[in-house]
Amino acid sequence: VVDASEKVNTNDYEASFEITNHLIRRGHKRIGFIKGNPSHLCINQRFSGFFDAMKEANLVCEGELIETGLNSFASGEICAKRLLSLKNRPSAVFAANDEMAAAVVKIANQLSIDIPQSLSVVGFDDTPMTQMISPALTTVHQPLFKMGEAAANKLICNLENTSYEGEDDIKSRLVVRDSTAHFLTSV
């Protein structure tokens with residue numbers, strides 16, 4: 001059992017709020033969201049950040065635009081197929097992790113949906129793959145090395161019965177790449 005004092009946190013909620021606002025500022029109103037495994041606390045925080053940003057912008061989170069994946073590429077493909085086959089499909093999709101976002105890119109390519117001109121896609125984590133796919137994925141950078149280092153230092157301090165002087169909350173940040181564009185409505 002992990003004591004709460006041994007945890008290192010990041011700002012999943014705030015980062016999700018920010019990346020959702022990134023899409024909203026680009027004119028997207030119909031934004032799909034692919035949740036990850038609901039048992040992961042960070043996934044719930046990411047959805048809450050998305051939901052609250054939509055609410056603050058007076059945009060409706062339609063149930064048909066919310067899918068639940070399992071944090072895997074394969075589950076992302078299933079969710080993307082459903083979202084992108086809707087009669088009134090979203091103009092943007094926010095996937096709760098980069099693997100599922102990459103799956104959205106794959107399915108969009110299979111359906112000849114141009115990213116980012118016809119569909120903007122964002123992910124979360126900033127895994128190395130985000131720069132390997134085309135277009136490069138807009139995402140949230142999780143400082144995983146820094147988080148791991150802080151967690152290890154907290155554990156060592158705990159084992160040595162000394163006080164931990166490092167950071168408990170390590171901030172993630174938005175990384176804008178080529179997978180998002182301004183939404184242009186048809187004339």
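**Entry 1: Asp126 and Arg177**
I began with Asp126, which forms a salt bridge with Arg177; their closest N and O atoms are 2.9 Å apart. I kept in mind that this is a predicted model. I then looked up where the two residues sit: Asp126 is in the loop between S5 and S6, and Arg177 is in the segment after strand S8 (173–175). The pair links distant parts of the chain, 51 residues apart. I also checked burial, and both Asp126 and Arg177 are buried.

**Entry 2: Arg46 and Asp125**
Next I turned to Arg46 and Asp125, whose side chains meet in a salt bridge at 3.3 Å, N to O. I found Arg46 in helix H2 and Asp125 in the loop between strand S5 (120–122) and strand S6 (139–141). These distant parts of the chain are 79 residues apart. Arg46 and Asp125 are both buried.

Is Arg30 buried or exposed? I noted that Arg30 counts as buried because its relative accessibility is 13%, under the 20% cut-off. Glu64 has 40% relative accessibility, so I put it down as partly exposed.

**Entry 3: The tally**
Last, I looked up how many salt bridges the structure holds, and wrote down seven.

Key. Residues numbered from 1 in each chain as written. Predicted model: local features only at pLDDT ≥ 70, side-chain atom pairs only at ≥ 80, totals over all residues. Heavy atoms only, no water. Salt bridge = Lys/Arg side-chain N within 4 Å of Asp/Glu carboxyl O. Buried < 20%, exposed > 50% of the residue type's maximum accessible area, 1.4 Å probe, protein only. Helix = DSSP H or I, 4+ residues; strand = E, 2+ residues; numbered from the N terminus.
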